[in-house]
Amino acid sequence: MQKVLILDFGSQYTQLIARRVRELGVYSEILPCNVDIKKIQDYSASAIILSGGPSSVFEEGAPTLDKKIFELGVPILGICYGLQLTSHLLGGKVVSSQHREYGRAVLKVLVNDTLFDGVPKQTNVWMSHGDRVEKIPEGFVKLAETSSIPFGAIKHTDSNIYGVQFHPEVHHSDFGKKILGNFIFNVSGIKADWDMANFIKMETQRLKDTVKGGVICGVSGGVDSTVCAVLLKNALGDDKVFPVFVNNGLLRKNEAEYVKSLFDSMGYKLYYYDESELFLKNLKGVDDPEKKRKIIGHTFIDVFYKASKSFSAEYLAQGTLYPDVIESVSFKGPSATIKTHHNVGGLPDKLNLKLVEPFRELFKDEVREVGRQLGVPEEFIMRHPFPGPGLAVRVLGDLTKERLDVLRDVDDIFISMLFKHDLYSKIWQAFSVLLPVKSVGVMGDNRTYENVVALRAVTSVDGMTADWYHFPHNFLAEVSNRIINEVKGVNRVCYDISSKPPATIEWE
Ligand code: XMP
């Protein structure tokens, strides 16, 4: 399999580059820019892409590269900071600019070059940079410019080293995908061979070769863990794979029944543990979000420990995805933890289980495709993401069964209304939050003093950034009416109109 290596200089778009390359049917992986040149050589990439990044090449401590990379004979495309660094290292001149250029620009293509095959002579591209290249290194030629920068794209005359100042990976670059495709297929001569049928075949073989004992799969009701269990069942057989579904008391309404019936319909046995009392007991009186996550994580581990004894399993499978893995290795150094998400770091020794993560290299849309190909029903595949700590991070304040039940009823109405109005599939994630405040209302002739809920619905591509969904007002009116009339204990409904950033998707 041919591979494209992406070296990350800390750009917010690095993952997007990897996704675009994979959409073109070519496997790609991200490594931090400061990996050793030996590792880069050993990786045997068929092409290398240098990502953008927030630094200035002449800043102290700015990320750099071993110049030997340009002598490997592997085609290289530098994007934004990648272009600037290439120019800087090879003897060109980069200057800092008074103002950042951010947004759309018109790229004028000046030279007929393979990189721009099938791209109009003038095309919209997306820019996001402060510095710019003022003089290109010897041996390079200019391919394109914009009205504000002299070097929109450059290439080396004798080797396949390219650089572009704009971001071809971003949707707003009209022919961005075409340009990336030209670099991969025409410049680098790579053949497209990455697809999910291929992945399933290879991963199945790998699992058969390496996993020799029983495997417990933690199934949460989410797409990733479910597809993971199905892949393992297919690969290793029913008697070796034990999908364990723990009811932690933090699930949505009827969720346990739904997941059980899904596994039933696919003919797979599901091992169900109702541990809701244990979780709620451990969470009693805790309202700090990070503490909640930690307690839930530890309780899960205790429950799995108990379960692993009854199965004599040697492995634990998790549906960890590539974005979680990248997050933990990306070139930002030890960046601040905004929220503790998945356990990418490994497992506590106590468990004495080896970790199996078949989707460590996949993006969510790729996992959905794997699920489809393995026969998981479409309705399930297209479910919105649901956080591991469940409703614990959506009930703010006192975490009691009564308050969880209120939220479950509210959320059930909200989500069913989305289906009724054919809105569910237009939204990336929708849910309700129970706030830790009460508000005064009036019902009939009586004053009420009840709970406030917030509804949240966002559009997003990968959960990294998100915008709130613009519902028609009459939809919001209908949902609010139903919630206040049907759910006892709620007298006010708000709609969350915050985007991410600066807000996050979940409230905690
Ligand atoms: P935030 O709130 O960080 O959420 O904008 C981004 C996406 O991640 C989900 N999320 C989590 N998933 N464990 C998970 O498995 C968590 O602790 C967690 N926190 C947030 C969130 O639902 C959204 O899809």
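The lining of the second largest pocket in this predicted model is made up, by class, of eight nonpolar, four polar and nine charged residues. The space that lies in the second largest pocket comes to about 400 Å³, and of the 21 residues that line the second largest pocket, those closest to its centre are Arg252, Glu255, Arg383, Ile415 and Phe419. Two or more residues of the lining come from each of helix 7 (255–265), helix 13 (401–420) and strand 17 (429–443). Helix 13 gives the most to the lining of the second largest pocket, with six residues.

Another part of the structure to follow is strand 1, together with the strands that pair with it. Five of the six residues of strand 1 (residues 3–8) are buried, so strand 1 is largely enclosed by the rest of the structure. The chain crosses from strand 1 to strand 2 through helix 1 (residues 14–23), and this β-α-β crossover is right-handed. Strand 1 and strand 2 (residues 27–32) pair in the parallel sense, over six bridges, and Val4 has Ser28 as its bridge partner in strand 2. Strand 1 is also joined to strand 3 (residues 47–50), with which it runs parallel, by four bridges; in strand 3, Ile48 is the residue that stands opposite Leu5. As a general point, the side chains of a regular strand alternate between the two faces of the sheet.

The cysteines can be considered next. How many disulfides does a search of the whole structure find? The search finds zero disulfides. Cys217 is in no disulfide, and the nearest cysteine sulfur, that of Cys228, is 5.4 Å away. Cys228, in turn, is in no disulfide, and for Cys228 the nearest cysteine sulfur is that of Cys217, 5.4 Å away. A disulfide requires a pair of cysteine sulfur atoms within 2.5 Å, and the distance from the sulfur of Cys217 to that of Cys228 is given as 5.4 Å. Cys217 is buried, with a relative accessible area of 1%, and Cys228 is likewise buried, with a relative accessible area of 1%. The table sets out the values for these residues.

| Residue | Relative accessible area | Nearest cysteine sulfur |
|---|---|---|
| Cys217 | 1%, buried | Cys228, 5.4 Å away |
| Cys228 | 1%, buried | Cys217, 5.4 Å away |

Methods. Residues are numbered from 1 along each chain as its sequence is written. This is a predicted model: local features need pLDDT of at least 70, side-chain atom pairs count only at pLDDT 80 or more; totals for chains, interfaces and linings use all residues. Side-chain values use heavy atoms; hydrogens and water are left out. Buried means under 20% relative accessible area, exposed over 50%, partly exposed in between (1.4 Å probe, protein chains only). Two strands pair if DSSP finds at least two bridges between them. A crossover is right-handed if, with the strands pointing away from the viewer, the path from the first strand over the helix to the second runs clockwise. On a 1 Å grid over the protein atoms alone, a cavity is a set of points where a 1.4 Å probe fits but cannot get out, and a pocket is an open set with protein on both sides within 12 Å along at least five of seven lines; lining residues have an atom within 4 Å of a point. Grid points are joined across faces, edges and corners, and a volume is the space filled by probe spheres set on the points. Ala, Val, Leu, Ile, Met, Phe, Trp, Tyr, Cys and Pro count as nonpolar, Asp, Glu, Lys and Arg as charged, and the others, Gly among them, as polar.
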